[in-house]
Amino acid sequence: MYTLLSGLWKYLFQKDEFFVLILGLDNAGKTTYLEQTKTKFNKGYKGMNLGKVTTTVGLNIGKIDLGKTRLNFWDLGGQEELQSLWDKYYAESHAIIYVVDSSDRERIEESKAAFDKMVVNSSLHGVPLLLLANKQDLQGCMSLGSVKDVFNPIPQVVGDRDCSTEAVSALRGDGVYEGINWLAECIKRNVVSRPPTQKEIT
Amino acid sequence: MLKLFGREWIRKGIRTAASTAMGGQFRSNLWDPVLIVAQIIVLQSSFYLCLGLWIFFLDVIGRFDVSLDQMFTQSDLGLYEDSGRTNIIAYALNSLTCAFILWFVVGRTRQCLDFAATVHIGHFIGCIIFTGHVPQTFWWWMTNIICVALMTVLGEYLCMRSEMKAIPLMGQRVDL
């Protein structure tokens, strides 16, 4: 009876688990963005010193709870050698956050190329996409409009999915709330084609 | 909720029951409400079946009158009368028998206490329904608590023996 009831309890109160990929070139601010998200959404979480964020080797994970949904973040390394690992995560992800360093005009085309390669992948069909123009706190960075212009041929490739662009500063934490909340709404809307990952009840 | 009952629980239940006696197989740890409810029903029924049989045997040997009161009435348990003593012996023997059923039906060491207690809670409710009040005598509580302990300990011992058996990996299809 105890097993029965404790299992029932877990069944009734389990959260819907979703997985969100954070992609982008190296030094775009993915890890900082993840740390900022964790700090803002998890009460009592003392984030790491954002000045000490270094290159991600492998991946960082983060978890936030929004009511009955739980978002798990996979922040993958963005270096060119590590980009070949991205597509291993596509089939199990429920949303994509693509971070662009809008202060780095030289590599914006490279970022665009990686983005195009990612977005046409068939295992990502219909997955909500959030494009972030990061580092808006820096002087002389590209505005959201000009970043949009670079990534403009989006409509044909993006196809049938929720898509949004946003200007953020991961370091200062501007625009983190709005982005994550928008993404959570889209994930819930997309739940028919991408159902939440069920944790097994033991 | 429909999803819960869509599983192939019969196949799994039979396999669980069969493999516990044999030992040596990986077992699913998933929460399976249908299986658990079925196990509780099986245990409760066999608890009363065995208790009935033991009481009947001891009544025949001791030449007492066979009656349903012996199962459910608190006044029929006690050390001061022959019939009460026989009844306590029947209860004790029953809990040992039920430990074997526990081994066969449940077969998990960590669930033995759970199921043994569940059976006796069921019996407690049965007593309330039959007599219309909560059992109050010292001997009723004493007997039942000792029975839970006996059933759990023997059940755990039996289950542990089969859980400790080596799981063969070679020469057969392994269902991980």
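## Exercises on a predicted two-chain model

From the N terminus on, the elements of chain B run α-α-α-α-α-α-α, where helices (H or I, at least four residues) and strands (E, at least two) are DSSP runs numbered from the N terminus. The model is predicted, so local features need pLDDT of at least 70 and side-chain atom pairs pLDDT 80 or more, while totals for chains, interfaces and linings use all residues. Residues are numbered from 1 along each chain as its sequence is written, chains are lettered from A in the order in which they are written, and side-chain values use heavy atoms, with hydrogens and water left out.

**Exercise 1. Describe the make-up of each chain.**

Step 1. Start with the elements. Chain B has seven helices and zero strands. Chain A has seven helices and six strands, in the order α-β-α-β-β-α-β-α-β-α-α-β-α.

Step 2. Turn to burial (buried is under 20% relative accessible area, exposed over 50%, partly exposed in between, with a 1.4 Å probe and protein chains only). Of the 202 residues in chain A, 48% are buried; of the 176 in chain B, 42% are buried.

Step 3. Chain A exposes about 10,300 Å², with 54% from carbon and sulfur atoms. For chain B the area is about 10,100 Å², and carbon and sulfur atoms supply 70% of it.

**Exercise 2. Characterise the interface between the chains.**

Step 1. Count residues in contact (heavy atoms within 4.5 Å). Chain B gives 14 residues and chain A gives eleven residues.

Step 2. Take the buried area, which is the accessible area (1.4 Å probe) that two parts lose on being put together, summed over both. Here that is about 1,200 Å², 68% of it on carbon and sulfur atoms.

Step 3. Look for salt bridges (a side-chain nitrogen of Lys or Arg within 4 Å of a carboxyl oxygen of Asp or Glu). Between chain B and chain A the count is zero.

**Exercise 3. Find the largest nonpolar core and trace where its residues come from.**

Step 1. The largest one has 34 residues, and L43(B), L102(B) and F115(B) have the most contacts inside it.

Step 2. Assign elements. At least two residues each come from helix 1 of chain A and from helix 3 (33-62), helix 4 (69-72), helix 5 (82-105), helix 6 and helix 7 (138-163) of chain B. Helix 3 of chain B gives the most, nine residues.

Step 3. Zoom in on L43(B). Beyond its neighbours within four places in sequence, L43(B) touches I101(B), L102(B), V106(B), F115(B) and V119(B).

Step 4. Note that another core lies apart from this one, with 24 residues, including L21(A), W74(A), Y98(A) and L124(A).

**Exercise 4. Is S93(A) buried or exposed, and which residues is S93(A) in contact with?**

Step 1. Locate S93(A): the loop between helix 3 (87-90) and strand 4 (95-101) of chain A.

Step 2. Classify S93(A). Its relative accessibility is 0%, so S93(A) counts as buried.

Step 3. List the partners. Leaving aside neighbours within four places in sequence, they are F19(A), L21(A), L124(A), V127(A) and R194(A).

Technical notes. Core = buried A, V, L, I, M, F, W, Y, C linked by side-chain atoms within 4.5 Å. Areas by Shrake-Rupley, 256 points an atom, 1.4 Å probe, with all protein chains shown as cover.
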